[in-house]
Amino acid sequence: MAADAEYGPELRRRIRPLLTGVGPVEAALGTGIALQALAGASELPDLVVSLGSAGSRVLEQGAVYQVASVSWRDIDASVLGFPKGVTPFLDHPVETPLPTPIPSIPAKRLSTGGDVVSGARYGAIDAEMVDMETFAVLRACQRFGLPLVGLRGISDGAAELHHYDDWTALLGHLDARLAEALDRLEIAMEAGLI
């Protein structure tokens, strides 16, 4: 998870997450350091979950979605002949599919970037939801050969954001919904769906 504001009482009853910090740089750094420490202690997890809020102009506000695929909207080396969204000299597609093991939770595409998206900016993004961490967490997981599942609750996007409270207004509701999604993920794992 990125921030303590997303980590409410229902999630606190279930998990103690790594709080990476906000944005792709903090998420990559925090996740990479944590995974390196776990690898050094021979305690790497079987699965990593990128959990938290996301924005969307088209999805139900307050609902939770699995991440069907993730892309990085900030990288653009197209003037050098690389497709927009591809980091030069790395073998990864513009959009990376992720496992979606929970049959009862819909899966949608996610775009990660270093900016808070609001209003008309959604029109330039080729995905149904946006966040600031999942692609960075994915890259750290790929370094350690770990699968990643993304679960995102839609906190904003239907209306233009003007201040901090526009983002936090639904976080209490999303805490319970994300906790339920984690319960369903556990059931899916026990059923061998991942």
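Let's start with a detail on the surface: Ser42 counts as exposed, because its relative accessibility is 68% and the cut-off for exposed is over 50%. Keep in mind that this is a predicted model.

- Ser42 is not a glycine, yet its phi is positive, at about 55 degrees.
- You'll find Ser42 in the loop that runs between α2 (24–40) and β1.
- Phe89 also has a positive phi without being a glycine, and here the value is about 70 degrees.
- Phe89 sits in the loop between β2 (64–72) and β3 (95–97).
- Is Phe89 buried or exposed? Phe89 is exposed, since its relative accessible area is 76% and anything over 50% counts as exposed.

**Helix α2**

- α2 has 17 residues, so at 1.5 Å a residue it should span 24 Å; the C-alpha atoms at its ends are 24 Å apart, which agrees.
- Which residues of α2 are buried? They are Pro24, Ala27, Gly30, Thr31, Gly32 and Leu35.
- An α-helix has 3.6 residues a turn, so residues three or four places apart point the same way.
- What do the buried residues of α2 pack against? Their partners are β1 and α3 (134–143).
- After α2 comes Ser42, the residue with the positive phi near 55 degrees.

**The nonpolar cores**

- The largest nonpolar core holds 21 residues, and the members that touch the most others are Val48, Val70, Met129, Cys141 and Leu148.
- Elements giving two or more residues to this core are α2, β1, β2, α3 and β6 (148–156).
- Which element provides the largest share of this core? That would be α3, with six residues.
- Take Cys141 as one example: apart from its neighbours within four places in sequence, Cys141 is in contact with Leu35, Val48, Leu146 and Leu148.
- There is also a second, separate core of 17 residues, and Tyr7, Ile102, Leu182 and Leu185 are among them.

**Val130, a buried strand residue**

- Val130 belongs to strand β5, which covers residues 129–131.
- With a relative accessible area of 7%, Val130 is buried, because the cut-off for buried is under 20%.
- Which residues is Val130 in contact with, leaving aside its neighbours within four places in sequence? The list is Ala54, Gly55, Arg73, Leu110, Ser111, Val117, Tyr122 and Ile125.
- Val130 and Gly8 are 122 residues apart in sequence, while their C-alpha atoms are 21 Å apart in space.

**A cavity inside**

- How many cavities of 30 Å³ or more are there? The count is one.
- The largest cavity has a volume of about 40 Å³.
- Its lining is made up of Glu6, Gly52, Ser53, Gly153, Leu171, Leu174, Asp175 and Leu178.
- Two or more of the lining residues come from each of β1 (48–55) and α5 (171–190).
- α5 gives the most to the lining of the largest cavity, with four residues.
- Sorted by class, the lining of the largest cavity has three nonpolar, three polar and two charged residues.

Key: Residues are numbered from 1 along each chain as its sequence is written. This is a predicted model: local features need pLDDT of at least 70, side-chain atom pairs count only at pLDDT 80 or more; totals for chains, interfaces and linings use all residues. Side-chain values use heavy atoms; hydrogens and water are left out. On a 1 Å grid over the protein atoms alone, a cavity is a set of points where a 1.4 Å probe fits but cannot get out, and a pocket is an open set with protein on both sides within 12 Å along at least five of seven lines; lining residues have an atom within 4 Å of a point. Grid points are joined across faces, edges and corners, and a volume is the space filled by probe spheres set on the points. Ala, Val, Leu, Ile, Met, Phe, Trp, Tyr, Cys and Pro count as nonpolar, Asp, Glu, Lys and Arg as charged, and the others, Gly among them, as polar. Buried means under 20% relative accessible area, exposed over 50%, partly exposed in between (1.4 Å probe, protein chains only). The expected span of a helix is 1.5 Å times one less than its number of residues. Contact means heavy atoms within 4.5 Å. A nonpolar core is a set of buried Ala, Val, Leu, Ile, Met, Phe, Trp, Tyr and Cys residues joined through side-chain atoms within 4.5 Å.
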